[in-house]
Amino acid sequence: MNSVFTAEGCAILIAIERFIQEEDKSYILCPDSLSVLKSLESLHRKSPTISLQIGSAIIRAIPRSKAIKLVWVPAHVGITINEQADEAARAARISDVNIYPCISTEDLRNVIFRVQADQGRIQWESSKYFRSFTHLPKTTKTQLLPRRREILLTRLRKVGLVESSPLCRQCGIVDSNDHLLLTCIVFEQLRNNLRASLGIGALHYNSICTISTLNRRACSAVLHFLQSTNLF
């Protein structure tokens with residue numbers, strides 16, 4: 001019942017609680033969940049339950065170690081150890097092993113809402129009035145994007161695309177979101193294609209973030225540009 005966010009946070013929590021035990025050693029954890037790490041950067045009393053648990057675990061683990069660092073690594077880009085961790089996670093998901101017997105309050109609330117919605121729908125469809133309205137067109141939910149694309153759009157709109165690397169890997173100057181999206185000469189042709197697809201002359205970082213929320217065609221054009229850079 002846990003969400004992907006909670007499951008990824010649980011992996012970090014288990015690693016801290018079970019493996020950080022020697023005071024003379026420094027530990028580096030390399031999760032691929034940028035959303036969990038960003039949540040840990042700005043902890044407050046209303047943070048997700050799993051983020052608060054990780055924060056408490058880090059405080060308890062500090063006396064048991066020389067140093068603790070959490071370093072983000074990108075997922076699905078061919079990093080061998082990360083791919084092996086994903087395989088182990090998929091195997092654990094379908095196994096009978098009870099890895100971490102808990103569910104966050106946020107995820108439990110979402111499950112309850114879904115169950116209540118399903119019960120309401122079943123009750124309505126079994127009522128004597130349901131057949132009187134079957135001629136009405138059915139509403140359909142908006143189709144969700146694949147998870148990797150959702151993550152990429154979230155990074156674009158909220159977190160930012162460029163990580164801690166100080167220099168652009170393509171042209172060697174100081175990297176930034178504006179440089180990647182607006183000025184990097186390596187991607188000028190892709191940028192021209194994006195302008196043509198969106199029907200605009202000038203690109204701005206904020207306008208790209210806004211345009212990507214307007215409609216599916218604009219969203220697809222922005223995603224195509226980002227993925228064509230082969231950086232994500």
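## A tour of the predicted model

Of the protein's 232 residues, 28% count as buried. The model is a predicted one.

**Stop 1: the whole fold.** Colour by secondary structure. The protein has 10 helices and two strands. Follow the elements from the N terminus: the order is α-β-α-α-β-α-α-α-α-α-α-α. Take the contacts with a separation of 6 or more: 64% of them join residues 24 or more positions apart.

**Stop 2: α1 against α3.** Select residues 4–19 for helix α1, then 49–61 for α3. Two packed helices are described by the angle between their axes and the distance between the axes. Here the axes come within 9 Å and cross at roughly 10°. Angles under 35 degrees count as roughly parallel, and α1 and α3 are therefore roughly parallel to each other.

Show the side chains at this contact.

- On α1, pick F5, T6, G9, C10, I12, L13, I16 and E17.
- On α3, pick I50, S51, Q53, I54, A57, I58, R60 and A61.

Colour these residues by class. The contact of α1 with α3 has 10 nonpolar, four polar and two charged residues.

Stop 3: S47 sits in the loop between α2 (34–41) and α3 (49–61). Is S47 buried or exposed? The cut-off for buried is under 20% relative accessible area. S47 has 6% relative accessibility, so S47 counts as buried.

Next, display the polar atoms around this serine. A polar atom of the S47 side chain lies 2.8 Å from the backbone nitrogen of H44. S47 is in contact with S42, L52 and E106.

**Stop 4: an aromatic pair.** A pair of aromatic rings is described by the distance of the centres and the angle of the planes. Check both values in the viewer.

W124 has a relative accessible area of 38% and is partly exposed. F130 also counts as partly exposed, at 26% relative accessibility. Partly exposed covers the range between the buried limit of 20% and the exposed limit of 50%.

Note on methods:
Residues are numbered from 1 along each chain as its sequence is written. This is a predicted model: local features need pLDDT of at least 70, side-chain atom pairs count only at pLDDT 80 or more; totals for chains, interfaces and linings use all residues. Side-chain values use heavy atoms; hydrogens and water are left out. Helices (H or I, at least four residues) and strands (E, at least two) are DSSP runs, numbered from the N terminus. Buried means under 20% relative accessible area, exposed over 50%, partly exposed in between (1.4 Å probe, protein chains only). A polar contact is a pair of N or O atoms within 3.5 Å; within protein, one must be able to donate a hydrogen and the other to accept it, and residues adjacent in sequence count only if both atoms are side-chain atoms. Contact means heavy atoms within 4.5 Å. Axes are lines fitted to C-alpha atoms, for helices over the stretch in contact, and angles run from 0 to 180 degrees between N-to-C directions. Angles under 35 degrees count as roughly parallel, over 145 as roughly antiparallel, 65 to 115 as roughly perpendicular and the rest as oblique. Ala, Val, Leu, Ile, Met, Phe, Trp, Tyr, Cys and Pro count as nonpolar, Asp, Glu, Lys and Arg as charged, and the others, Gly among them, as polar. Lists of a residue's contacts leave out its neighbours within four places in sequence.
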